[in-house]
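Here are my notes for you, written to be read with the model open beside them.

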Amino acid sequence: MNQRTNDEVLQLLQAFQLTSDNHGAYAGEWIETTGPRIESINPTTGEAIASVRMASADEYERVAQVTIEAFEAWRTWPAPQRGEVVRQLGDALRKQKDELGRLVTLEVGKTLSEGLGEVQEMIDMADLAVGMSRQLFGKSMHSERPQHRMYEQWHPMGPTGIITAFNFPVAVWAWNAMVAAVCGNSMIWKPSPEAPLTSLAVTRIAQRVLEENDAPAIFNLAIGGVEQVGEALVADTRFPLISATGSVRMGKQVGAAVAARMGRSLLELGGNNGLLVMDDADLDLALRGVLFGAAGTAGQRCTTTRRLFLQKGIAQEMKERLVQAYGSVRIGDPLEDNVLMGPLINQKAVDGMLEALERVQEQGGRILCGGKSLDGPGFFVEPTLVEIDQQTPMVCDETFAPILYIMEFDDLDEAIAIHNAVPQGLSSAIFTLNMRSAERFLAATGSDCGIANVNIGTSGAEIGGAFGGEKDTGGGREAGSDSWKAYMRRQTCTLNWGTELPLAQGVEFEV
């Protein structure tokens, strides 16, 4: 690591009161953690940025107890007052957007544009949640009984566990935390051990806002191992809601454990996202959508385009365009200008990509371009195009890397059938100028994904809409629309303001 980089790292750490060695638990105050020490690795250089000592089981319990106590107080605050605290948190993030965006880029290897965009997503979520704080609506219903009134209202669900993955180290926390907070919940954040520094930085920002408002300690943190923190949080009956983002394998374990104790889980799991290009598509537009969707964030988004279906009339031209475009993708230090693709998160991810390419070639895949790891420091690979005649088992699996599988099709019905024939169901897209094709793709018999787009790619969802997917993707919904309901419990109320006690459905019971 050169001197310029060393100085920049030091400045970023100082901006968030971080040191070369940090404690990984917060519960109204920072706890001196005693668990194993982990290092945050810069995937661009392969070198350590700083270390964090993880929380032990006892220290998790301290965080949990404070979180529960904070909920008892926070739920009594009127929702608009809770929204005001979240508004101030959004403003605090605005003030440190540049530093936090750079820290995201440094720790997980996103381009600086994407790192800054992720922080902007947190800010946007704060703005959205502030509006929600005045719109936690219940319904009023007409009772069949005279002089009775029926309505429903929503109460805070309770202390919430938030488990996040490395690829969106801060935005996914914000999707959950901003909404959970205005709904009246406190929370524990368990971040990925691949990205502990960003979670420390965000928690320090939230800490200042809470202290300035004399608010309870609702934004708490426990960086820890699976057994000491992860399994303890998932099994903790005091936490009625667990929101978990990660792999399908992890999500199935979390979902089963939470269901066994009759809790609720909000799961955002893997995606194996498909994009269809019809003969009548605007190919210039489609090319840009495919390129960002497949190579952006080095293929490490849950909404990354992983399968490309080309109608045969434009298939050859589109493949030629893609090969040329892939050859011009600038790979390098994501903090530098004009770099379009940074590194994978670690060597395990590089090895997983190379292994997947070996397997898909055994199943008939043909590499059109890319397919290699790059020499030098860091975890860099070439974005890869693989042409394949049919959807093999390898294509049906998600590899968290910039591999795009290309298949051809004759008609739209055929393409939709193949598109839907995978276990995952997160994001999907079609490029077409034909209204009937677009509506067919969006119909109930079209894409089976939670997200379906026309003439935009699979990646880059806006926070105004509910985000999530079906099938192995977990069925969860976060961010916009009415996703706030996941963080609250519904209560149906009936008031009798008369002097009689009639029963519903005409039932009579006279003593």
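1. Ground rules. This is a predicted model, in which local features need pLDDT of at least 70 and side-chain atom pairs count only at pLDDT 80 or more, while totals for chains, interfaces and linings use all residues. Residues are numbered from 1 along each chain as its sequence is written, and side-chain values use heavy atoms, with hydrogens and water left out.

2. The six-stranded sheet. Have a look at the open sheet of 6 strands, ordered β2-β9-β8-β7-β10-β11 with mixed pairing. Strands here are DSSP E runs of at least two residues, helices are H or I runs of at least four, and both are numbered from the N terminus. Two strands pair if DSSP finds at least two bridges between them. At the edges sit β2 (25-26) and β11 (264-268), each pairing on one side only. Inside the sheet, β8 (residues 187-190) runs parallel to β9 over 3 bridges, and M187 has F219 in β9 as its bridge partner.

3. Rings around F219. For the record, buried means under 20% relative accessible area, exposed over 50%, and partly exposed in between (1.4 Å probe, protein chains only). W173, W189 and F219 form one aromatic cluster.

4. Other rings. The structure holds 7 aromatic pairs. Among them is W74 with W77, a tilted pair at 5.0 Å centre to centre with 40° between the planes; W74 is buried, at 0% relative accessible area. Separately, K110 lies over the face of F168, at 3.5 Å from the ring centre. That label needs NZ of Lys or CZ of Arg within 6 Å of the ring centre and within 35 degrees of the ring normal.

5. Another open sheet has 3 strands in the order β5-β6-β23, with antiparallel pairing. β5 (140-141) and β23 (488-496) are at the edges with a single partner strand each, so one side of each has no neighbour in the sheet. β6 and β23 pair over 9 bridges, with M150 opposite T494 in β23. E152 is also in β6 (residues 148-156), and at 11% relative accessibility E152 counts as buried. Its side chain makes a polar contact of 3.3 Å with that of R490. A polar contact is a pair of N or O atoms within 3.5 Å; within protein, one must be able to donate a hydrogen and the other to accept it, and residues adjacent in sequence count only if both atoms are side-chain atoms.

6. The β3-β4 hairpin. β3 (residues 37-42) pairs antiparallel with β4 (residues 47-53) over 6 bridges. The two form a hairpin with 4 residues between them, and G46 in the turn has a positive phi of about 80°. On β3, the covered face carries I38, S40 and N42, whereas R37, E39 and I41 are on the uncovered one. In a regular strand the side chains alternate between the two faces of the sheet.

7. E194. Which residue partners the side chain of E194 in a polar contact? The side chain of N346 does, at 3.1 Å. E194 sits in the loop between β8 and α7 (196-212) and is partly exposed at 32%. The C-alpha atoms of E194 and E39 are separated by 8.3 Å, although the two are 155 residues apart along the chain.

8. Helix α14. S437, A438 and F441 are the buried residues of α14 (residues 435-442). They fall on the same side of the helix because they cover an arc of only 100° around the axis, the arc being that of the directions from the helix axis to the C-beta atoms. M435 and R436, on the other side, are exposed.

Note on methods:
Rings of Phe, Tyr and Trp (its six-membered ring) pair if their centres lie within 6.5 Å; planes under 30 degrees apart count as stacked, over 60 as edge-to-face and the rest as tilted.
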